[in-house]
Amino acid sequence: MDDIKIFQRFLKDVRHLKDFEYFKHLDHSRINRNKRRQICKVKPRRPRFNPMEEMNEIEFRKKYRYTKENMRRIIEIVRDDLEVDYYEPMKRDQVPIDLQILSAIRFFGGTEHPQLTAMAHGVSLHTMAKITRRVAAVLSSKASRYIRMPATLSEKERMMRSFQYLSNMPQVIGAVVQTTVRLQLENRGSYGGTELAATNEELVHLQLVADAEHKIRDLDIRLPEELGHNTAPELFSLSRIKERFEQNEFRGRILLGNESLSCSHFLFTPVRNPKNKSEDLYNQAHSATYAPAVKCLNYWIRRFGILSSELLGTFGSAKHTITALALLHNMAMEWNDPSIDSDISLPIYKPNIFCYANGATISEEQRNRNEFIKTHFSSN
């Protein structure tokens with residue numbers, strides 16, 4: 001009898017063992033099914049947005065401020081100097097070089113909130129800031145090839161002829177215009193308001209020398225602490241272009257400036273209170289010949305809306321960005337890019353007139369201007 005009971009217990013144990021193996025197998029199958037479900041839930045990554053292919057020409061010009069053909073030129077110029085980088089290690093894909101350049105230039109255009117620009121290119125705002133700074137640094141390193149005063153005699157003669165054609169004012173080789181750009185100085189941290197140190201706003205002072213074809217030939221960038229009370233004259237006095245004229249690099253040629261600057265033997269400004277017909281004629285010719293500088297600045301600001309809003313970063317990164325935008329502007333002028341010409345919704349930008357230079361007496365420099373007026377604008 002005892003043997004029978006022992007045998008029955010043995011059978012129960014065997015049954016329990018089979019049940020255990022069944023449930024064990026069942027649990028494994030469930031785990032495998034769950035894994036399969038999780039794998040199935042991982043959707044394939046969508047290809048990145050390619051504006052060159054997915055946007056028509058009109059939409060592309062509005063967002064990127066260039067034609068597609070000219071954007072391809074810019075990409076070819078910049079591509080070799082940019083390296084593919086893993087901006088966000090947790091993301092599987094890196095940002096392609098072409099997309100870095102496209103997103104940076106769209107950001108510079110300032111046609112939309114930066115967050116929308118970042119989202120359109122599949123990156124975070126933090127990554128967007130890194131990309132734009134890298135692209136700006138690469139572009140600014142090429143400034144000497146694209147932002148320069150004429151060097152050879154033939155270049156100088158051609159530039160003077162292009163100015164003289166406007167209103168028969170001879171000897172002009174450039175026109176000086178000044179403006180400001182707001183900068184939120186950032187000491188450390190990321191972009192877009194996260195993990196930033198305390199910021200303070202500065203006005204960055206810019207001085208451009210433009211030619212008659214609306215290109216930027218010289219660029220000077222200063223912070224307010226470098227300048228005195230008379231901002232415009234101080235900015236010009238510290239500029240490299242003034243030093244080059246004083247060293248007679250452009251002997252026999254002159255620059256034009258507006259009323260905020262002091263007249264000198266190579267920088268001619270309008271006569272404030274013309275007393276005769278010759279001075280009236282000179283002022284009219286000055287206005288017509290100086291106009292391309294204002295138009296150059298207007299084109300520049302309209303193409304790159306970030307200049308009329310605000311830059312964020314260090315002064316060094318701001319200089320890179322401003323220089324890069326001057327270079328990109330010159331490319332657009334060289335290639336006759338029509339992207340902003342048809343955009344009538346953009347406002348006309350007026351350059352800053354800071355403060356008038358002091359001094360009501362006739363200086364030696366003003367006498368030089370008077371002699372110039374008598375020689376070229378005498379009504380006799």
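## The E246–K242 pair and other salt bridges

E246 and K242 form a salt bridge, with their closest N and O atoms 2.4 Å apart. A salt bridge here is a side-chain nitrogen of Lys or Arg within 4 Å of a carboxyl oxygen of Asp or Glu. The two residues sit 4 residues apart in helix 11 (residues 240-246), so about one helical turn separates them. Helices (H or I, at least four residues) and strands (E, at least two) are DSSP runs, numbered from the N terminus. E246 is partly exposed, with a relative accessible area of 44%. K242 is buried, at 18%. Buried means under 20% relative accessible area, exposed over 50%, and partly exposed in between (1.4 Å probe, protein chains only).

This is a predicted model: local features need pLDDT of at least 70, side-chain atom pairs count only at pLDDT 80 or more, and totals for chains, interfaces and linings use all residues. Residues are numbered from 1 along each chain as its sequence is written, and side-chain values use heavy atoms, with hydrogens and water left out.

## Salt bridges across the sequence

By the same rule, the count comes to 20 salt bridges. Side chains of opposite charge can pair when their charged atoms come close. One of the bridges joins E213 to R158, with the closest N and O atoms 3.3 Å apart. E213 lies in the loop between strand 2 (200-210) and strand 3 (216-222), and R158 lies in helix 9 (residues 153-167), so the pair ties together parts that are 55 residues apart in sequence. E213 is partly exposed at 35% relative accessibility. R158 is partly exposed at 38%.

R182 and E310 form another salt bridge, their closest N and O atoms being 4.0 Å apart. R182 belongs to strand 1 (residues 172-185), while E310 is in the loop between helix 12 (277-303) and strand 6 (311-313), so this pair links parts that are 128 residues apart in sequence. R182 is partly exposed at 35% relative accessibility. E310 is partly exposed too, with a relative accessible area of 30%. Elsewhere, K63, R106 and E112 are linked in a network of salt bridges.

## Helix 3 against helix 5

Two members of that network, K63 and R106, also take part in a helix contact. Helix 3 (residues 57-64) packs on helix 5 (residues 97-109) at an angle of about 65°, with the axes 8 Å apart. Axes are lines fitted to C-alpha atoms, for helices over the stretch in contact, and angles run from 0 to 180 degrees between N-to-C directions. The two helices are therefore roughly perpendicular to each other. The cut-offs are under 35 degrees for roughly parallel, over 145 for roughly antiparallel, 65 to 115 for roughly perpendicular, and oblique for the rest.

Helix 3 contributes F60, K63 and Y64 to the contact, and helix 5 contributes L102, I105 and R106. Contact means heavy atoms within 4.5 Å. These residues divide into 4 nonpolar, no polar and 2 charged. Ala, Val, Leu, Ile, Met, Phe, Trp, Tyr, Cys and Pro count as nonpolar, Asp, Glu, Lys and Arg as charged, and the others, Gly among them, as polar.

## The nonpolar core

The largest nonpolar core has 92 residues, of which M71, L255, W300, I322 and L328 touch the most other members. Such a core is a set of buried Ala, Val, Leu, Ile, Met, Phe, Trp, Tyr and Cys residues joined through side-chain atoms within 4.5 Å. Helix 13 (residues 315-334) gives the most to this core, with 10 residues.

Leaving aside neighbours within four places in sequence, M71 is in contact with M52, F60, Y64, Y66, L102 and I105.

## R79 and its surroundings

R79 is in helix 4 (residues 68-79). R79 is partly exposed, at 25% relative accessibility. Beyond its neighbours within four places in sequence, R79 is in contact with I97, D98 and I101.

## Positive phi values

Most residues other than glycine have a negative phi. Q171 has a positive phi near 75°. Q171 is in the loop between helix 9 and strand 1 and is partly exposed at 27% relative accessibility. N248 has a positive phi of about 60° and is not a glycine. N248 is in the loop between helix 11 and strand 4 (254-256), and is partly exposed at 40%.

## The chain overall

The chain has 14 helices and 6 strands. Buried residues make up 46% of its 380 residues. Of the contacts with a separation of 6 or more, 67% are between residues 24 or more positions apart.
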